[in-house]
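Welcome! Please take a look at the sequence and the 3D structure below, and then we will walk through some of the details together.

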Amino acid sequence: MTDQQHARPQTVEKPTTKHTVVVPNSVDMVSVLGPGDEHLGTIEAHFDTDIHVRGNRITLHGEPSEIALIERTLEEMVQLIRTGQGLTPESVERIISMLRAETTEKPADVLSLNILSTRGRSIRPKTLNQKRYVDAIDKHTITFGIGPAGTGKTYLAMAKAVQSLQSKQVNRIILTRPAVESGEKLGFLPGTLTEKIDPYMRPLYDALHDMLDPDLIPKLMAGGTIEIAPLAYMRGRSLNDAFIILDEAQNTTPEQMKMFLTRLGFGSKIVVTGDISQTDLPNGQRSGLRVVEDILDGVEDLSFNRLTSHDVVRHKLVGRIVAAYDAYDARNDNRTSKGQM
């Protein structure tokens, strides 16, 4: 063997540097570091960098690119604290995730956008895609929010609907879902119409109770200011001055989707939400949500927004479950396509 063959590749050490970030004296360091330094621990878990804190001085030792990212993270944390919104380990993680995505939007602006304040709490977007989705609702007459469970697509649409009603941009809110399990033939079920459709509409009621005084909701419904009805009851109507939400739209047929979208009247907004991976339609029926983007591609004043497992704002495990199912479906799709070749 030659000397060249015996030679082992040399590991090239990445350059490191040291930098100190000074947090303004006007900002409480406990708010920055978190109770028991949990915010600091979150940063340490996401970066391979030595971090030392003394007073309001945070010294960083590591790769220049990582140090720059930590400094920007700290700047966004300070800005968020100054808005009066409390920091959590989850919000620190979201700041880091947005900065790594190298977006033009500032994480503090995303996380501090207040859609609705109600009953002592504020409803805000928690991810960049959620912020873009909310902005799209503001800018377009018809907006589609497509993504898995837990990404806030329906909840944020409901918050925008209540905000529009309270600011008198619309006169009423109309919430609808396809009652697909019964083929929308509800007449054979016992009870009043409300009792018949209640199981299908319960998630919408739950969201409303988070956003409005529960005692007020029956009065608004009795007066027609809020209407909750199955999709079949939209046929033949023209809906003016309303904020209209179609939820679980993956369970519409293409014909039902067309029927719904053409109910749009003057002064109204429509938001369509759904998860194309959760279709409950009988075998052989196409989902209207799957085909609508191809049909409406290029139509003005209409926006399609996709949310992913990264936008899940429920328990962390929900995001991991969604991502695992997405990976599983992708593997199966690849096997199917290879088998057809």
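## Helix α7 and its buried residues

Which residues of α7 are buried? They are L128, Q130, K131, Y133, V134, A136 and I137. Here, buried means under 20% relative accessible area, exposed means over 50%, and partly exposed lies in between, using a 1.4 Å probe and protein chains only. Helices (H or I, at least four residues) and strands (E, at least two) are DSSP runs, numbered from the N terminus. Keep in mind that this is a predicted model, in which local features need pLDDT of at least 70, side-chain atom pairs count only at pLDDT 80 or more, and totals for chains, interfaces and linings use all residues. Residues are numbered from 1 along each chain as its sequence is written, and side-chain values use heavy atoms, leaving out hydrogens and water.

The expected span of a helix is 1.5 Å times one less than its number of residues. Helix α7 has 12 residues (128–139), so it should span 16 Å, and its end C-alpha atoms are 17 Å apart, which agrees.

A salt bridge is a side-chain nitrogen of Lys or Arg within 4 Å of a carboxyl oxygen of Asp or Glu. K131 and D135 form one, with 2.8 Å from N to O. Both residues lie in helix α7, 4 residues apart, which is about one turn of the helix. K131 is buried because its relative accessible area is 16%, while D135, at 22%, counts as partly exposed.

## Salt bridges elsewhere

How many salt bridges does a search of the whole structure find? There are 9. One of them joins the side chains of E66 and R100, at 3.5 Å from N to O. E66 sits in helix α4 (residues 64–82) and R100 in helix α5 (residues 89–100), so this pair ties together parts that are 34 residues apart in sequence. With a relative accessibility of 16%, E66 counts as buried, whereas R100 is partly exposed at 40%.

Another salt bridge brings together E227 and R237, with an N to O distance of 2.7 Å. E227 belongs to strand β8 (residues 226–230) and R237 to the loop between β8 and β9 (242–246), so the pair ties together parts that are 10 residues apart in sequence. E227 counts as partly exposed at 22% relative accessibility, and R237 counts as partly exposed at 23%. There is also a network of salt bridges, which links R177, D247 and E248.

## A cavity inside

Searching the whole structure turns up 1 cavity of 30 Å³ or more. On a 1 Å grid over the protein atoms alone, a cavity is a set of points where a 1.4 Å probe fits but cannot get out, and lining residues have an atom within 4 Å of a point. Grid points are joined across faces, edges and corners, and a volume is the space filled by probe spheres set on the points. The largest cavity has a volume of about 50 Å³.

Which residues line the largest cavity? They are V32, L33, H39, L40, I43, I51, I58, I70, L74 and M77. The elements that give two or more residues to this lining are α2 (29–33), α3 (38–46) and α4. By class, the lining has 9 nonpolar, 1 polar and no charged residues. In this scheme, Ala, Val, Leu, Ile, Met, Phe, Trp, Tyr, Cys and Pro count as nonpolar, Asp, Glu, Lys and Arg as charged, and the others, Gly among them, as polar.

## An aromatic pair

The search of the whole structure finds 1 aromatic pair. The rings of F144 and F304 have their centres 4.4 Å apart and their planes at 10°, so the pair is stacked. It links distant parts of the chain, with F144 in strand β6 (residues 142–146) and F304 in strand β11 (residues 302–306), 160 residues apart. Rings of Phe, Tyr and Trp (its six-membered ring) pair if their centres lie within 6.5 Å; planes under 30 degrees apart count as stacked, over 60 as edge-to-face and the rest as tilted. Is F144 buried or exposed? At 0% relative accessibility, F144 counts as buried, while F304 is partly exposed at 22%.

How values were computed:
1 Å grid on protein atoms, 1.4 Å probe; cavity = no way out; pocket = protein on both sides within 12 Å on 5 of 7 lines; lining within 4 Å.
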